[in-house]
Amino acid sequence: MKIIDKFSIKTITLLTVDEDLPENVRVGYKAEIDGKAFTITGIPIIETNPPSINKRTFMIDRTDEVDVKQIVKFYKA
């Protein structure tokens with residue numbers, strides 16, 4: 001899964017990836033990006049039918065070390 005978009009404000013980064021997030025990913029889990037671990041601090045609640053691009057977005061706790069086209073892997077903290 002690759003990052004296709006990044007939006008940052010101060011200490012929050014919203015990332016969009018090229019595939020839907022795994023269903024078991026929750027706030028507090030980790031996202032490994034370029035060999036570094038980031039805490040997932042937010043995942044949108046999806047209530048649209050059909051599902052929107054929001055199934056591909058999540059927030060992390062740090063902003064300066066992530067860029068578009070990096071590979072993301074998720075795991076439980």
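Mentor: Contact here means that heavy atoms lie within 4.5 Å, and the structure in question is a predicted model. By that rule, and leaving out residues up to four places away in sequence, Phe74 touches Met1, Leu21, Pro22, Val25, Lys30, Ala31, Ile40 and Phe58.

Trainee: Which residues have the most contacts inside the largest nonpolar core?

Mentor: Phe74 is one of them, together with Ile33, Phe58 and Val72, in a core of 15 residues. The elements that give two or more residues to this core are strands E2 (12-17), E3 (30-33), E4 (36-42), E5 (57-60) and E6 (72-75).

Trainee: Why is Thr13 called buried?

Mentor: Buried means under 20% relative accessible area, and Thr13 has 0% relative accessibility, so Thr13 counts as buried. Thr13 is found in strand E2, and among the residues that Thr13 touches beyond four places in sequence are Lys6, Phe7, Phe58, Met59 and Ile60.

Trainee: What makes the pairing of the Thr13 and Ser8 side chains a polar contact?

Mentor: A polar contact requires a pair of N or O atoms within 3.5 Å, one able to donate a hydrogen and the other to accept it; the side chains of Thr13 and Ser8 make such a contact at 3.1 Å.

Trainee: Why is Tyr75 called partly exposed?

Mentor: The partly exposed class lies between the buried limit of 20% and the exposed limit of 50%, and Tyr75, at 34% relative accessibility, therefore counts as partly exposed. Tyr75 lies in strand E6 and, leaving aside neighbours within four places in sequence, is in contact with Tyr29, Lys30, Glu32 and Ala37.

Trainee: How do you know that Arg56 and Asp20 meet in a salt bridge?

Mentor: The rule asks for a side-chain nitrogen of Lys or Arg within 4 Å of a carboxyl oxygen of Asp or Glu, and the side chains of Arg56 and Asp20 meet at 3.1 Å, N to O. This pair links distant parts of the chain, with Arg56 in the loop between E4 and E5 and Asp20 in the loop between E2 and E3, 36 residues apart.

Trainee: How many salt bridges does this rule give?

Mentor: The count comes to two.

Conventions:
Residues numbered from 1 in each chain as written. Predicted model: local features only at pLDDT ≥ 70, side-chain atom pairs only at ≥ 80, totals over all residues. Heavy atoms only, no water. Core = buried A, V, L, I, M, F, W, Y, C linked by side-chain atoms within 4.5 Å. Buried < 20%, exposed > 50% of the residue type's maximum accessible area, 1.4 Å probe, protein only. Helix = DSSP H or I, 4+ residues; strand = E, 2+ residues; numbered from the N terminus.
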